[in-house]
Amino acid sequence: MDAVDVAFTEAAVGAGISTVLMLGTLALTARSERSSSRSSFVPLLAVLVTGAALVYGTLDMPSFGQSDAPAQTHVGPDYLERIPHEVGVPNAVTAILASYRGYDTLGETAVVFAAGIGVLMLISGLRTRRRKEEDDPDTGGSA
Amino acid sequence: MDSGTLDFIVGHLNYWLFILLMMTGLYIVVAKGNLVKKIVGLNIFQTSVFMLYISIGKVTGGTAPIFPLDMKVDPDVVYSNPLPHVLILTAIVVGIATTSLGLALIIRIREEYHTIEEDQIAEVENAVLKSEQWASEQAAGEHS
């Protein structure tokens with residue numbers, strides 16, 4: 001679907017980093033799942049109803065690749081027209097990301113920074129707490 | 001089946017496949033009790049939204065929105081819409097940030113509750129609640 005930048009990012013982030021994070025979490029927590037006793041009928045029903053509503057919603061959507069779809073007639077072509085003489089970066093995605101939507105990207109890095117601090121605060125001292133627990137199982141254990 | 005119906009089905013098949021993927025993710029989030037599996041389901045859900053956006057940006061006969069190096073754009077060349085790509089690039093990075101935060105929360109939950117199963121966490125919570133109630137009743141009994 002012509003989205004080379006997204007493909008690269010998703011390959012690096014989705015297949016690489018999130019796999020590492022998942023495996024790390026599994027290594028730090030439990031490896032096996034306890035079989036659940038709950039019935040799966042209600043979730044299945046909810047999912048089927050939601051899916052049917054969404055399929056009903058797509059009936060008015062433009063066909064795949066339609067060139068006169070609303071998404072292709074307003075802002076998108078305007079960007080493609082402006083970028084060669086306003087920004088001068090060959091890759092239109094890079095030009096929009098870093099120039100027209102620069103503040104958005106700045107906010108995104110702020111979000112990643114905040115998430116990184118959150119993760120550090122949540123799991124920092126994990127090893128020391130765990131060691132304390134091993135030394136003194138009566139007081140160092142759970143609340 | 002006439003060709004109009006067939007065109008409609010082929011043109012909308014992408015949406016239906018993404019809905020299928022999205023509902024798979026939603027089912028995992030709702031039905032599974034394991035917290036790590038819930039995060040996996042959330043990621044699948046998220047990926048389906050990414051693919052929906054990218055498919056909206058596609059123009060038939062279009063190519064990737066990268067201009068020639070000398071910036072002499074041939075007006076006959078059709079480019080796909082770059083705006084959904086940009087939005088989804090941002091969403092991917094924010095998505096991995098939220099995923100990592102969720103996984104860190106799971107690690108902390110496991111540390112406190114010694115389990116990552118939803119039902120067992122509820123059991124521990126109920127036990128704690130009951131013992132607190134019992135303690136407060138005892139205290140009230142002593143005062144009267």
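**Exercise 1.** In this predicted model, determine how the side chains of Glu111(B) and Arg108(B) meet, and where both residues lie.

*Solution.* Step 1: the two side chains form a salt bridge, with an N to O distance of 3.3 Å. Step 2: both residues belong to helix H3 of chain B, three residues apart, which is about one turn of the helix. Step 3: Glu111(B) has a relative accessibility of 13% and is therefore buried, the limit being under 20%. Arg108(B), at 24%, counts as partly exposed.

**Exercise 2.** Identify how the side chains of Glu112(B) and Arg108(B) meet, and classify Glu112(B) by accessibility.

*Solution.* Step 1: Glu112(B) and Arg108(B) meet in a salt bridge at 3.7 Å, N to O. Step 2: these residues are four apart in helix H3 of chain B, so about one helical turn separates them. Step 3: Glu112(B) is partly exposed, at 35% relative accessibility. Step 4: elsewhere, salt bridges with shared partners join Asp78(A), Arg82(A) and Glu86(A) into one network.

**Exercise 3.** Characterise the lining of the largest pocket.

*Solution.* Step 1: the pocket holds about 320 Å³ of space. Step 2: 17 residues line the pocket, and Pro77(A) and Tyr79(B) are among the closest to its centre. Step 3: the lining comprises ten nonpolar, five polar and two charged residues.

How values were computed. Residues are numbered from 1 along each chain as its sequence is written. Chains are lettered from A and ligands numbered from 1 in the order in which they are written. This is a predicted model: local features need pLDDT of at least 70, side-chain atom pairs count only at pLDDT 80 or more; totals for chains, interfaces and linings use all residues. Side-chain values use heavy atoms; hydrogens and water are left out. On a 1 Å grid over the protein atoms alone, a cavity is a set of points where a 1.4 Å probe fits but cannot get out, and a pocket is an open set with protein on both sides within 12 Å along at least five of seven lines; lining residues have an atom within 4 Å of a point. Grid points are joined across faces, edges and corners, and a volume is the space filled by probe spheres set on the points. Ala, Val, Leu, Ile, Met, Phe, Trp, Tyr, Cys and Pro count as nonpolar, Asp, Glu, Lys and Arg as charged, and the others, Gly among them, as polar. A salt bridge is a side-chain nitrogen of Lys or Arg within 4 Å of a carboxyl oxygen of Asp or Glu. Helices (H or I, at least four residues) and strands (E, at least two) are DSSP runs, numbered from the N terminus. Buried means under 20% relative accessible area, exposed over 50%, partly exposed in between (1.4 Å probe, protein chains only).
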